Amino acid sequence: MNFLLPQPKEIRTINLSLSNRCNAKCIWCPTSRGTKHNYDMPPELAYKIIDEISSPDFPYEVDGINVSENGEPFYNKNAIDILRHIKKKIPTSKVLCLSNFGLLGRKVTEIICKEKLLTSVGVNFDGHDEESYHNVKKIPFKSVLKNFLYFIEMREKYYPDLHVGINVMPAVEYSQTVKEFFGANPDQVDDLSKLKYSNRDLVEETLRKHLPDDIVVRASKPGLWAERKHILAGRKGHFQRKDLVCPMFERVEHEIYVAPNGDWYACCLDDNNDAVFGNLNDQSIVEINQSTRRRKFINDLKNKRFESAGYPCNTVEACQIISMTRN
């Protein structure tokens, strides 16, 4: 039956979970995330993957490495050494990182900026003050803001070409979206009336006086990633399954997602690594990419056979991004 399956696509991006632990507990992040393998990626595994993609024999042209897949990368005490290895072995690759800045202290900030170890850094400021920010992330606003502003200071001093992006998804907007679609509160919100209102404009007003003009503050669209329990409970919201496609399909085809234990799993919306194709401790990227298991999975997604693809893809409703009029 293998001849009926599609040929594997070229791998373009590597997503490494240097840690699937996180100091924040965002209301739009599944509470199950990381509970299966809650630890940090050993440096030996990261080096093996980096060495493979930097080899002259590697058949794909990787142009991006994300080191913050589904976790806070700076929980990993070897994060800086891994970043240095990437720069040494693949100096032309874009290196991307998303951090909440709760653990990004001055020493690490200075090393990143002085040695130019990252190409792009993203951060979510999901509220404009202590209460509205805490409603989303459950970590202190003041310390995060302090760490972020020092990072901006070091960026301007040592590495002004480093791209920094700021995204905003406030608690009220997220919660109202979930309530509108499912008729129920988000998993992590008991009472919407207790959430303090915030929006992108208020966040930018708080930050703008500290930011260079090239840093843009963007409003995010709510996703339903954290709300799979509603789908499993039979709430389909406003969705019609026949109209849905996998919104991650192209990324699933062209990217790899590696858990700290080496498992190559489906995508960033597979929060607890349930759809696994192989393990990179004892297999190569090329070997897993060409495997029947991965090719069948991609074929199922392409043809909207979500039940055959299995969990979490059989709750594809929760993989959607929702666009609502902001009011």
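# Notebook: a predicted model, looked up entry by entry

**Entry 1, asparagine 70.** I noted that asparagine 70 counts as buried, at 12% relative accessibility; buried means under 20% relative accessible area, exposed over 50%, and partly exposed in between, with a 1.4 Å probe and protein chains only. I found asparagine 70 in the loop between strand S2 (64-66) and H2. Its phi is positive, about 50°, although asparagine 70 is not a glycine.

Residues are numbered from 1 along each chain as its sequence is written, and side-chain values use heavy atoms, with hydrogens and water left out.

I listed twelve helices and nine strands. The radius of gyration is 20 Å, close to the 20 Å that the globule rule gives for 327 residues, so the protein is as compact as a globular protein of that length. That radius is taken over C-alpha atoms, and the rule is 2.2 Å times the number of residues to the power 0.38. The C-alpha trace spans about 60 × 50 × 30 Å along its principal axes. Of the 327 residues, 57% count as buried. Among contacts between residues at least 6 apart in sequence, 76% join residues at least 24 apart; contact means heavy atoms within 4.5 Å.

I looked up how helix H1 (residues 43-54) packs on helix H2 (residues 79-89): the angle is about 15° and the axes are 10 Å apart. Axes are lines fitted to C-alpha atoms, for helices over the stretch in contact, and angles run from 0 to 180 degrees between N-to-C directions. That angle makes H1 roughly parallel to H2; under 35 degrees counts as roughly parallel, over 145 as roughly antiparallel, 65 to 115 as roughly perpendicular and the rest as oblique. On the H1 side, the residues that meet H2 are Pro43, Ala46, Tyr47, Ile50, Asp51 and Ser54. Their partners in H2 are Asp81, Ile82, His85, Ile86 and Lys89.

I then turned to helix H3 (residues 106-115) and helix H5 (residues 141-158), whose axes come within 9 Å and cross at roughly 25°. H3 and H5 are therefore roughly parallel to each other. From H3, Arg106, Thr109, Glu110, Ile112, Cys113 and Lys114 meet Tyr150, Phe151, Met154, Arg155 and Tyr158 in H5.

I placed lysine 138 in the loop between helix H4 (130-137) and H5. Its phi is near 65°, a positive value in a residue other than glycine. Lysine 138 is partly exposed, with a relative accessible area of 35%.

I located lysine 296 in helix H11 (residues 292-302), partly exposed at a relative accessible area of 39%. Not counting residues up to four places away in sequence, lysine 296 touches Leu5 and Ser308. Its C-alpha atom is separated by 27 Å from that of asparagine 20, 276 residues apart along the chain.

I found the peptide bond from tyrosine 311 to proline 312 to be cis, with omega near 5°. Proline 312 lies in the segment after helix H12 (306-309).

Notes
This is a predicted model: local features need pLDDT of at least 70, side-chain atom pairs count only at pLDDT 80 or more; totals for chains, interfaces and linings use all residues. Helices (H or I, at least four residues) and strands (E, at least two) are DSSP runs, numbered from the N terminus.
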